[in-house]
Each structure stands twice: as structure tokens, then as C-alpha cells.
Amino acid sequence: MGLNGIFQYFVPKDRKFFPLFEQASANLIKLGEALIELVNTNDENKKQELNKLIEDLEHRGDELTHQIYLELGKNFITPFDREDIHALASAIDDIADFIHGSANRMQLYNVKIMTPPIKKLAELILQGCQDVDKAVGELKNLKNIRVITDSCVRINSMENQADYIFDNAVGELFEHEKDAITLIKYKEVLAALETATDKCEDAANVMETILVKNA
Amino acid sequence: MGLNGIFQYFVPKDRKFFPLFEQASANLIKLGEALIELVNTNDENKKQELNKLIEDLEHRGDELTHQIYLELGKNFITPFDREDIHALASAIDDIADFIHGSANRMQLYNVKIMTPPIKKLAELILQGCQDVDKAVGELKNLKNIRVITDSCVRINSMENQADYIFDNAVGELFEHEKDAITLIKYKEVLAALETATDKCEDAANVMETILVKNA
Amino acid sequence: MGLNGIFQYFVPKDRKFFPLFEQASANLIKLGEALIELVNTNDENKKQELNKLIEDLEHRGDELTHQIYLELGKNFITPFDREDIHALASAIDDIADFIHGSANRMQLYNVKIMTPPIKKLAELILQGCQDVDKAVGELKNLKNIRVITDSCVRINSMENQADYIFDNAVGELFEHEKDAITLIKYKEVLAALETATDKCEDAANVMETILVKNA
């Protein structure tokens, strides 16, 4: 049992960190929803709005991450190990970054046709964000551990599915796409989407570590 | 107040870490200046010399980073939180790596024409390095906090500008460049340059964290 | 001398971490050997088998990394500084990831012709894995420090060689390969292989840090 274990009965656990994490994971859901809308609309004005919204949400996420790091600096005693708080905040920040990065590439590369694997990966990302949010919400009391473990299991299986879809889509591109610039565009959009799902898995791994240590 | 806060009045603060950080940030300025020269010359011999110089400076940076990590290992009490010292050293190392990576790609890909966005990004990088150096120089006494915060604000605005230039340049490439290999070359050089500015922002974020904790 | 230094005479040092690290580094050798086989066979069935094997070994590596992190969470006192244990586990995990990533790209991009630089990089990777394994095996007693330093020196020189081969191969591609899609394929396979050697160097750097602190 680490220092945190010794002290955890004497300090209020949910003052600062939990509300910040909950805001950060709620922000992820908004990002995931905006991404779904983005890959399902053909309206250029709507797309521009959604890109702006995604950028704003990513900035909001940055602020929350920064606040968590500052709290971590000010608090000698933290509800979980400092390294886990840092790793979880950073994984959530990475998910937001790669959702934003995916949307940004679609816009920069002027990707008009959203292919089925792009849409499917966007759905998996939203699902991952919802599971991260569900699990984060249970961290503060660790009473419904099952909610956390179930979310983590679903995130792992989601990430496997995303790998499979990504691998197939990239294989298809190299087999059938003869225009190199088009190939680059799609390959890089797919890679950013797939990395967002990897980052959901990173978040799940941190939460599993927290469970093992504290439950 | 953490352990460092408690102990900071009893231990000499500037024995080891500050000189190493100052050398590392001075090294960044040399790297930034060499990069500016590189993107502004057409003389092939000069280019080769500059590429060699940049490689040497990057190795020098590696050694300094390594020394900081070793000091961190040997010192139980450090002037700032260990995680911040590690993160700052690693951000400075990353800036050096991406300046070197940019120059290396220009050489490997045989990029002859340095476009305006490449030159502009090189200028922003040098500016970022100068601000990192300015802020690092104030860390040892924290007397002119304003110097640090001003540098950090300028770095953040520099990084926003770099994002804007990068996004536009890549958008232009995908719109107008019909030769895929040329597109790849420029896109990757621009990406390495832009990442160097991101790493300046990482360094600024760490220094802001240090300020909040110690000032 | 840190807390670990003070306590190291009172705690059993090799209960949990060392066997896990030894399994992880032995797993790297298997990955390196499978990679060598993969780049030297033309038999499509054999290739498929090897890709499957590499994927399984990478999963095995993931599990070992995860177990090391969990042990790190449960143990207040560790044989080396926690950050070094974490960094070493993570470097070994990265080596496995990039070996798997290289093999995966060869398969996805349907790379048929394994060029001399690809084969040479695969050999260097296996050599790096063998040296990581050799050094890891000596960590538990630190009696044959020379074995560790020799391995680290060889890994550093191996990584320099890999850089040189990579730079030349990519330079060649941009000079001679006129088909952009072929260029992308080879460039990305080479990049994944070269990154695997970088990660070997990361592992060597951590082990050198551990030596300086503990020897």
C-alpha cells in the first residue's frame, strides 16, 4: 500500500480532480458527436461549423488538461497515484487531439467522400468516448467497479474492431487506389481516426491500473 | 506545498540543473539560427555544412538532456518537481530533434526550393527558441516572473501562427500540387517544422506549471 | 542516494520485476527472429504464418508490460527508481510495437520485394533485441556491469548504422523511384524499421541511467 493508500481515508477525495475529469470526458462525447455529424453531412456550411466546433472543443479540452496538471502540482496528496492522474488526463487529451486531427485533415485535404470505414471508425470513436466517460464517472467512489471494468472491456474490443477496419481499409487503398494523392489523403485520415481509438484504449488501461491499486 | 516546497530554503538551488538547462536552451538558439541560414541559402556547399552543424548541435543537445536525466537520478532533492525537470528537459530535446528532423528531410528529399511557408516556419521556430531560452534563464531565481510569463505568451501565439501557416500551406499543396512525390516532400518538411513549434509550446507549458507551483 | 538506495539492502530485489523483464526481452528476440524470417522468405503461406506469429508475440509483450505496470502500482519499494522501471518497460514495449508495425505494413501494403536496406535493418533490429536481452539479464544483480555497458555501446552503434542505412535508402527512393505509391510503401516500411532501432536505443539509455544510479 503506497502513501496514497495510507492517506486516502483522511483526505477528501473528490474536491478538485473528479469534476475536472468528468468535464474532460463529457467534452470527449461532444467531440465524438460532432465528428459523427461531420462525416455524415454533405452540407459545406454545416461542415465548416462543425470543424469550428471541434476546434473549440479541443481547446476546451486543453484547458481542462492544463488545470488537472496544475492541481497535480498544488496537491501533495492526490486521490490516486500522481502518475495515474497524469496518464489519464494525458490519454483523454490525446483522444481529443486525434479527433480534432482527423477532422482537420478531412478539411485540409478537402476529403469530400466519406467512405464506410471512415464512418465506422467515427462511430467506434464516439462509442469509446462514451465508455471513457462512463468509467470516469465511477472513479470518484469506486462503488460500481463493474461499470468501470465493463467499459474497459468494451473499449478494448472496440479498439480491436477499429484495427481490423483500418487494416482492411488501408489494404484496399493500396490494392485499388491508383491516384497517389487520393491514397495519401484517405490513408492519413484513417490513421488519425484509428489513433483516436488507440488513445481510448490507453485511457482504459490507466483506469484498469487505478482499479487494481485502489479497489 | 510539496516536499520540494518544504526543502527549498535549505538546499542550494542552482548547482547542477540550471547551468545544464541554460546550455540546452542556448543550444536551441544555435539550432534555430542554423535552420534559418539553411532555408535561405542556395549554395550547396553551405547547405552541407549547415546540415553537418545541425547534426552536431543535435548530438550536443542529446548529451545535455542525458546529463540532466543523470543528475535527476542522483539528486533526491531537486529545485523543482522531478516530473517538471524531466518534462522540460524532454521538451527542449524534442525541439532540437524536430529542427534536426526538418533539416534532415530537406536534405534527404533533396528539397531545392524553400517556399515562403518553410521560411516563415523557420523564423517562428527561432523566435520560439529565443523565448524558451529567455524563460529558462529566469527559472533559477524566479525574480522576474514577468519575463517568463511574457515568453510563454509569445510562444503560445507563435505556435498558433505556425498552425495557421502549416494548415494553409498543406491545404495549398493538396489543392495545387499535382505531383504526388513533390507533395509528400513538402508536406513532411512542413510537418516537421510545425511539430518543432508544438514542442516549444510544450516547453512553455511546463514552465508555466513550474511558475504556478513555485512562485 | 534516493530512498531506493537506502532501502535496497533490506528488500528482496528480484521477486517480481526481473522475471517479467526477462520474459519481455526474451519475447523481443522471438519477434526479431520472426522479422528476419519474414523479410527473407518468398513463400506466401510462410509469410502469413509469420505475420500471425508476430501479432501473437506483440500481444504477449503487451501483457507483460501491463503486468510490470501493475506490479509497479502495488509495490511501494522497487529495485530501481519507479520512473526507470516504467521507462524500460515502455521502451521494450515500443520495440515490440514497431517490429509488429513494420511487419504489418509489409503485409497491408503488399510489399513483395524485400530490398537490401529492409533486410539489413531487420538484422540490426534482431541484434538490438539480443543486446537488450543480454543487458536486461544482468540488471538483477549488477555484478557484470561490463556486460550491460558493452551491450549499450553496441546498441548505440547499431542505431547509428540504422540511421545511415535509412537515410541512404530514403534518399535513393526520392532520387530514383518515380511511382509515388511504391515510394510511400517503402518509405513507411523503412521508417517503422528504423524507429524500432531508436526504441532499442531508448532501452539502452534507461539501462545506462539505472547503472549510474545503482552501480
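This is a predicted model: local features need pLDDT of at least 70, side-chain atom pairs count only at pLDDT 80 or more; totals for chains, interfaces and linings use all residues.
User: What rotation superposes chain B on chain A, and with what shift?

Analyst: The rotation is 120 degrees with 0.0 Å of shift along its axis, and the RMSD is 0.0 Å. In chain B, B:A180 has the C-alpha nearest the axis, 3.5 Å from it.

User: How do you know that chain A and chain C meet through different surfaces?

Analyst: Only 8% of the interface residues of chain A are also interface residues in chain C, so the copies meet through different surfaces. Residues are in contact if their C-beta atoms, placed from the backbone, lie within 7 Å. The contact takes 13 residues from chain A and twelve residues from chain C. Helix 6 (145-176) and helix 7 (180-214) of chain A are the elements that give two or more residues to the side touching chain C. Helix 7 of chain A gives the most, six residues. By class, this side of chain A has five nonpolar, four polar and four charged residues. Nonpolar means Ala, Val, Leu, Ile, Met, Phe, Trp, Tyr, Cys and Pro, charged means Asp, Glu, Lys and Arg, and the others, Gly among them, are polar.

User: What shows that chain B and chain A meet through different surfaces?

Analyst: Only 8% of the interface residues of chain B are also interface residues in chain A, so these copies meet through different surfaces. This contact takes 13 residues from chain B and twelve from chain A. On the side of chain B, helix 6 (145-176) and helix 7 give two or more residues. The largest share, six residues, comes from helix 7 of chain B.

User: Why is helix 5 of chain B called roughly parallel to helix 7 of chain B?

Analyst: Helix 5 (residues 116-139) and helix 7 (residues 180-214) of chain B pack at an angle of about 20 degrees, with their axes 10 Å apart. Angles under 35 degrees count as roughly parallel, over 145 as roughly antiparallel, 65 to 115 as roughly perpendicular and the rest as oblique. That angle therefore makes helix 5 of chain B roughly parallel to helix 7 of chain B. The contact includes B:L121, B:I125 and B:V132 of helix 5 and B:L193, B:C200 and B:M207 of helix 7. The contact residues divide into 17 nonpolar, two polar and one charged.

User: What makes helix 4 and helix 7 of chain C roughly antiparallel?

Analyst: Helix 4 (residues 82-108) and helix 7 (residues 180-214) of chain C pack at an angle of about 165 degrees, with their axes 8 Å apart. The two helices of chain C are therefore roughly antiparallel to each other. Their crossing is left-handed, meaning that the near helix is turned anticlockwise from the far one by less than a right angle. The contact has 17 nonpolar, four polar and six charged residues.

User: At what angle do helix 5 and helix 6 of chain A pack?

Analyst: They pack at about 165 degrees, with their axes 9 Å apart. Helix 5 of chain A is therefore roughly antiparallel to helix 6 of chain A. Helix 5 of chain A passes helix 6 of chain A in a left-handed crossing. Among the residues that meet are A:L121 and A:L124 of helix 5 and A:I155 and A:M158 of helix 6.

User: Why is chain A called as compact as a globular protein of its length?

Analyst: Chain A has seven helices and zero strands. Its radius of gyration is 19 Å, close to the 17 Å that the globule rule gives for 215 residues, so chain A is as compact as a globular protein of that length. The radius is taken over C-alpha atoms, and the rule is 2.2 Å times the number of residues to the power 0.38. Along the principal axes, the C-alpha atoms of chain A fill a box of roughly 65 × 30 × 25 Å.

Terms used
Residues are numbered from 1 along each chain as its sequence is written. Chains are lettered from A and ligands numbered from 1 in the order in which they are written. Axes are lines fitted to C-alpha atoms, for helices over the stretch in contact, and angles run from 0 to 180 degrees between N-to-C directions. Helices (H or I, at least four residues) and strands (E, at least two) are DSSP runs, numbered from the N terminus. Two residues are in contact if their C-beta atoms, placed from the backbone, lie within 7 Å. Copies are superposed by least squares on the C-alpha atoms of residues with pLDDT of at least 70 in both.
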